[in-house]
Amino acid sequence: MSIAKREASYNIINYGAKPDGITDTAKPLLSAWAATCSSHQPASMYIPAGTFFVSTALFKGPCNNTNIRILISGTLIAPSSYSATIQWLTFKYVQGVSIFGGTIDGRGQAYWACKTANRNCPSGAASIAIHESKDVLVSGLKSLNSEQFHMVIYSSQGITVQGAKISAPANSPNTDGIHIQMSSDVTITGSTIKTGDDCVSMGEGATNVWIEHVNCGPGHGISIGSLGETPKEMGVQNITVKNVIFTGTQNGARIKTWGKPNTGFVKEVMFESLTMNNVQNPIVIDQNYCPGNVDCPNKSSGIKISQVMYNNVQGSSATPVAVKFDCSPSNYCSGIGLQDIKLTYMNKPAQAYCKNAEGSASGYIVPPSCL
């Protein structure tokens, strides 16, 4: 008869953490992590109620077991002043880690003020970064006021984010909710994201991504890109965005590439059952991204976009043109599909714009398809 292994538990208070919001908890936190990570049996690290100040922390693996739980009842707060730190809380080389609950506050206000004033600011910190890791669950986390991205998933596999509440002011710069890059098998479900930039952004090498039951807005929508800024980027493939409500966002479903000849691809993308509430650009492919019109020779994107489907997209546009496909003159968008689209502007049918785009439309289509 097999006997279940008992879970070892490590409370950060026992390592000297003080829930006063002043004393740096980084060292106790990492000591508790070291004990949890070195355990040869399932283990948990517990952050109790209270406010814990953390300067910065790197939770590094690999660990001796692949069943680690981090249980957060309290709030972790970042320094109120900015520095050259590019990640505040980082998980690297870990596998089988589950993070439950808690609040993290990046306290990015001073950094945003620096950026808004166009001063010489550092690059800014992501609040939580998951790097080169596998099988990580983030459940019920509340992330507030990150300096830059709230969460970055980079070079990782099997990452699930569920029940997240991510929030920053609509005018906070570059505070993307979740950014996915060079990662596969990523799932985001049941989450509410309100930021000053993309709710979810997908960079090069994002594959097998499933996004469902997300409330997005304010913010810049759910974006693939921008892609093609640098040569030989990895492609983006097999993306599903489903049952998402966009409210007051700059964009809804967006694909964006630089107007540069750098090669790459986006293919096998499904946008399905989306609701647009007063969204400026509900459906948009923009292959002419070139801030300030600097360093974009001929403004012709080398990124090939194909097999992108939009099914059951309804609601209201804040601008007359609700569907815009502005594709590369040297690399037409192909296999674009529209099915059952109903988008209005000021209670009347909105407009559609197509350039260098090929595809088909079926079902009820408003505005009339330009494909």
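The legends below describe close-up views of one predicted model. Local features need pLDDT of at least 70 and side-chain atom pairs count only at pLDDT 80 or more, while totals for chains, interfaces and linings use all residues. Residues are numbered from 1 along each chain as its sequence is written, and side-chain values use heavy atoms, with hydrogens and water left out.

**View 1. The open sheet of eleven strands, with parallel pairing.** Strands (E, at least two residues) and helices (H or I, at least four) are DSSP runs numbered from the N terminus, and two strands pair if DSSP finds at least two bridges between them. The strand order is E5-E8-E11-E14-E17-E19-E21-E23-E25-E27-E30. Strand E5 (57-60) and strand E30 (351-355) stand at the edges with a single partner strand each, so one side of each has no neighbour in the sheet. On average, neighbouring strands of this sheet are turned by 15° against each other, direction ignored; the axes behind such angles are lines fitted to C-alpha atoms, for helices over the stretch in contact, and angles run from 0 to 180 degrees between N-to-C directions. Strand E27 (residues 321-326) runs parallel to E30 and is joined to E30 by five bridges. Phe 325 has Cys 354 of E30 as its bridge partner.

**View 2. The disulfide of Cys 199 and Cys 216.** A disulfide is a pair of cysteine sulfur atoms within 2.5 Å; here the sulfur atoms are 2.1 Å apart. The torsion about the S-S bond is about 90°, so this disulfide is right-handed. Cys 199 lies in the loop between strand E18 (184-194) and strand E19 (200-202), and Cys 216 lies in strand E20 (residues 207-216), so the pair ties together parts that are 17 residues apart in sequence. Cys 199 and Cys 216 are both buried (buried means under 20% relative accessible area, exposed over 50%, partly exposed in between, with a 1.4 Å probe and protein chains only).

**View 3. Two left-handed disulfides, Cys 114 to Cys 121 and Cys 327 to Cys 333.** The S to S distance is 1.9 Å for Cys 114 and Cys 121, and the torsion about their S-S bond is about -110°. Cys 114 and Cys 121 are buried. For Cys 327 and Cys 333 the S to S distance is 2.0 Å, with a torsion of about -100°. Cys 327 is buried at a relative accessible area of 1%, and Cys 333 is buried at 0%.

View 4. Rings of Phe, Tyr and Trp (its six-membered ring) pair if their centres lie within 6.5 Å; planes under 30 degrees apart count as stacked, over 60 as edge-to-face and the rest as tilted. Tyr 82 and Tyr 111 form an edge-to-face pair, at 5.9 Å centre to centre and 75° between the planes. Tyr 82 is in the loop between strand E7 (75-77) and strand E8 (87-92), and Tyr 111 is in helix H2 (residues 109-116), 29 residues apart. Tyr 82 is partly exposed at 29% relative accessibility, whereas Tyr 111 is buried at 1%. The pair of Phe 271 and Tyr 310 is stacked, at 5.2 Å centre to centre and 15° between the planes. Phe 271 in strand E24 (residues 263-279) and Tyr 310 in strand E26 (residues 302-317) are 39 residues apart. Phe 271 is buried at 1% relative accessibility, and Tyr 310 is buried at 0%.

**View 5. Lysines over aromatic rings, at Tyr 289 and Phe 265.** A charge sits over a ring if NZ of Lys or CZ of Arg is within 6 Å of the ring centre and within 35 degrees of the ring normal. The charged end of Lys 256 is 4.1 Å from the ring centre of Tyr 289. Lys 267 lies over the face of Phe 265, at 5.2 Å from the ring centre.

**View 6. Backbone details at Pro 62, Pro 367, Met 182 and Gln 307.** Most residues other than glycine have a negative phi, and most peptide bonds are trans. The bond joining Gly 61 and Pro 62 is cis, with omega about 0°, and Pro 62 is in the loop between E5 and strand E6 (68-72). The bond from Val 366 to Pro 367 is also cis, with omega near 5°; Pro 367 lies in the segment after strand E31 (357-366). Met 182 has a positive phi near 50° and is found in the loop between strand E17 (178-181) and E18. Gln 307, in strand E26, has a positive phi of about 55° and is partly exposed at 42% relative accessible area.
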